[in-house]
Amino acid sequence: LKTFFDLVSYRKGSATLHMLRSLLGTDVFQDGILLFLQKFKFSNAVSMDLWESFEQAKSAAQSRDEVAVIPHTITSVMEKWTNQLGYPVVDVIVDYSSNQIRLSQKPFNTNIKRSQSQQSDRYWFLYIEIEAPLSGQKIITWLEDQPLTVKFKQPVQEIVLVNSKLEHFYRVNYDIQTWRNIVDLLRANSSALPEITKTGLVDNAWSLAAAGQLEPDIALELTEVAVKDDHSYGLWRAVLYHVRYAYIVLYRTEYHAQFKRYCHNLVQVASSTEAEAGDFENYRQQFLHNFAREVETDQNVHSAIEATMQWVRDVYNESAQMPQQEQLCTAVKHSELWLTNLLRNLSQNQHDPRRYALLQGLGCSDDAATITHFFNDLFDESQRIPQDQMSYIIVIAIGDGLNTAYGVLWSYFLVPENFVKFANLFTDFHFALKNILNSLYGSRYRQYELDAMVQLNNTHYEVLGVAQDEFIRLIEIAENNMQWVQNVAPKLGHWLDENYPFQVDHLIPEY
């Protein structure tokens with residue numbers, strides 16, 4: 001079921017209907033919906049019935065010259081989307097000397113190995129709108145299974161954009177010169193392109209880099225120039241989604257400290273932009289707050305340690321304000337071990353109402369010995385800790401302790417006899433396991449761990465039970481994360497060496 005009802009499936013449904021509305025126009029689209037609802041009220045229908053209703057609405061509108069010409073029936077266009085897995089990427093190659101643009105399509109694959117080796121006969125009927133925004137030129141065409149070359153009438157000396165309004169469900173990959181031109185344009189004027197266009201460019205660049213189809217330095221540079229003086233929620237959400245993934249996967253690599261500085265710079269840029277108050281700005285600020293905590297900006301770390309130290313000094317005062325969970329996590333990561341040991345001693349008191357919060361904080365430690373003690377304490381006291389709390393504490397530890405907690409847990413978890421013991425801790429083990437597996441999706445894996453996961457899946461599938469689908473999916477994601485580190489990280493590191501050279505004096509001192 002995960003194969004058919006994944007995140008792409010749900011996004012694809014709404015995205016393809018939005019695409020159809022942009023082709024037909026809102027009025028004709030609504031006419032088609034009304035025809036469909038009237039014809040099939042109180043009865044069953046299939047997707048073909050919906051497409052035929054849109055076809056009728058389109059035919060009526062075309063007789064009045066109210067809709068653009070579509071070279072195929074609505075059914076033939078839409079069935080390419082509903083009957084085929086995935087979605088395409090359109091490759092755009094611009095020859096600036098001849099004003100020609102060559103277009104081709106292929107299925108987009110986030111798996112690096114499959115992306116580089118795939119041969120597929122899948123194709124879609126794609127509406128292509130090509131713009132040269134600075135000169136006001138535009139070409140509209142349709143792309144099918146064969147590559148297509150089109151030509152602007154006037155010279156094109158600046159950028160070329162395809163699907164700039166994100167109305168159609170495909171990614172766009174430009175030739176390297178066009179990507180460079182886009183970066184240079186935004187570096188000169190970050191407002192030269194609208195928010196929605198910049199959001200699409202950033203999202204495409206990171207996704208293509210992760211799939212091994214674009215050099216990652218393009219994504220890094222484009223992000224820096226696109227967000228300057230821009231406070232739009234959609235753009236920042238796309239940026240933080242992709243940058244956070246890179247931050248987690250790069251954890252414990254030689255490039256992590258430099259990439260952390262890149263992230264700190266983004267937080268500084270975001271904090272310097274002013275925006276009107278409103279729901280979207282509140283969402284943006286919440287995203288930024290969580291991101292700043294995760295990438296451990298200096299201000300975030302110092303305030304967290306100060307809040308925790310203040311509480312420790314007054315710990316036996318019942319009215320003393322305990323630090324927030326995120327502050328406790330950050331303080332445990334960056335303070336000296338005496339503070340961590342003190343918090344561990346406090347957590348031993350089974351009657352202390354703050355105990356679970358302290359356990360969660362200890363799970364965020366970056367020290368392998370502390371994490372080992374944490375899991376030992378947790379498993380030894382499993383009969384006394386409510387199962388929902390046990391599951392939640394482990395998830396917090398893996399998410400905030402990143403590779404330290406994850407590595408210690410896996411070293412225990414991947415031994416078959418320990419795995420069975422672990423399963424016996426939970427009445428609803430499969431629910432707990434699914435939560436824990438979900439928290440591991442962003443982790444960086446090593447080959448021996450991946451091999452152990454495959455072996456565990458083959459030999460103990462009956463213990464995995466209904467969580468086996470999650471486990472198999474985790475194995476696939478682990479493999480892709482490993483490929484990302486092997487293929488993308490070194491290229492990304494080269495750019496970081498030039499733009500964010502390693503600085504020892506920038507590291508946050510321990511307290």
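Me: Let me start with the term I need: a residue is buried when its relative accessible area is under 20%. With that in hand, how many of the eight residues of helix α15 are buried?

Reply: First, keep in mind that this is a predicted model. In helix α15 (residues 355–362), six of the eight residues are buried, so the helix is largely enclosed by the rest of the structure. The buried ones are R355, L358, L359, Q360, G361 and L362.

Me: And what about the whole chain: what share of the 511 residues count as buried?

Reply: That comes to 52%. The chain has 24 helices and seven strands. If you look at contacts between residues at least 6 apart in sequence, 69% of them join residues at least 24 apart.

Me: Can you give me one residue to look at? Where does L339 lie, and which residues is L339 in contact with, leaving aside its neighbours within four places in sequence?

Reply: L339 lies in helix α14 (residues 337–347). Its relative accessible area is 0%, so L339 is buried. Sequence neighbours within four places aside, L339 touches T308, M309 and V312. Take V312: it is 27 residues from L339 in sequence, and the C-alpha atoms are 8.6 Å apart.

Me: On to strands. How do I read a sheet, and which strands pair with β1?

Reply: The general idea is that strands of a sheet pair through backbone hydrogen bonds, either parallel or antiparallel. Strand β1 shows both senses here: β1 runs antiparallel to β2, with eight bridges joining them, and pairs in the parallel sense with strand β7 (residues 171–174) over four bridges. To find your place, I93 has R102 as its bridge partner in β2, while V92 stands opposite Y174 in β7. Six of the eight residues of β1 are buried, so β1 is largely enclosed by the rest of the structure.

Me: How many residues lie between β1 and β2 in the hairpin?

Reply: There are four residues between them, and N99 in that turn has a positive phi of about 65°.

Me: What is the order of strands in the open sheet of three strands?

Reply: The order is β4-β3-β6, and the pairing is antiparallel. β4 (137–143) and β6 (161–162) are at the edges with a single partner strand each, so one side of each has no neighbour in the sheet. Strand β3 (residues 126–132) is joined to β6 by two bridges; E131 stands opposite L161 there.

Me: Now rings. How do I read an aromatic pair, and how many aromatic pairs does the count come to?

Reply: You describe a pair of aromatic rings by the distance of the centres and the angle of the planes. The count here is 16 aromatic pairs. One of them is W51 with F54, which is stacked: 6.5 Å centre to centre, with 25° between the planes. Both residues lie in helix α3 (residues 47–62), three residues apart, about one turn of the helix. W51 counts as buried at 4% relative accessibility, and F54 is buried at 0%.

The pair of Y87 and F108 has ring centres 5.7 Å apart and planes at 35°, so it is tilted. This pair links distant parts of the chain, 21 residues apart: Y87 is in the loop between α4 (74–82) and β1 (88–95), and F108 is in the loop between β2 (100–107) and α5 (112–117). Y87 is buried at 12%, and F108 is buried at 10%.

Me: Which residues do ring pairs link into a cluster with Y87 and F108?

Reply: W81, W124 and F169 are linked with them. F108 has a charged neighbour too: R171 lies over the face of F108, at 5.3 Å from the ring centre. Elsewhere, K80 lies over the face of Y123, at 3.7 Å from the ring centre.

Me: Is Q84 buried or exposed, and where is Q84 found?

Reply: Q84 is found in the loop between α4 and β1. With a relative accessible area of 17%, Q84 is buried. A polar atom of the Q84 side chain lies 3.0 Å from the backbone oxygen of K80. Leaving aside neighbours within four places in sequence, Q84 is in contact with K12, E79, R122, Y123 and W124.

Notes. Residues are numbered from 1 along each chain as its sequence is written. This is a predicted model: local features need pLDDT of at least 70, side-chain atom pairs count only at pLDDT 80 or more; totals for chains, interfaces and linings use all residues. Side-chain values use heavy atoms; hydrogens and water are left out. Two strands pair if DSSP finds at least two bridges between them. Rings of Phe, Tyr and Trp (its six-membered ring) pair if their centres lie within 6.5 Å; planes under 30 degrees apart count as stacked, over 60 as edge-to-face and the rest as tilted. Buried means under 20% relative accessible area, exposed over 50%, partly exposed in between (1.4 Å probe, protein chains only). A charge sits over a ring if NZ of Lys or CZ of Arg is within 6 Å of the ring centre and within 35 degrees of the ring normal. Contact means heavy atoms within 4.5 Å. A polar contact is a pair of N or O atoms within 3.5 Å; within protein, one must be able to donate a hydrogen and the other to accept it, and residues adjacent in sequence count only if both atoms are side-chain atoms.
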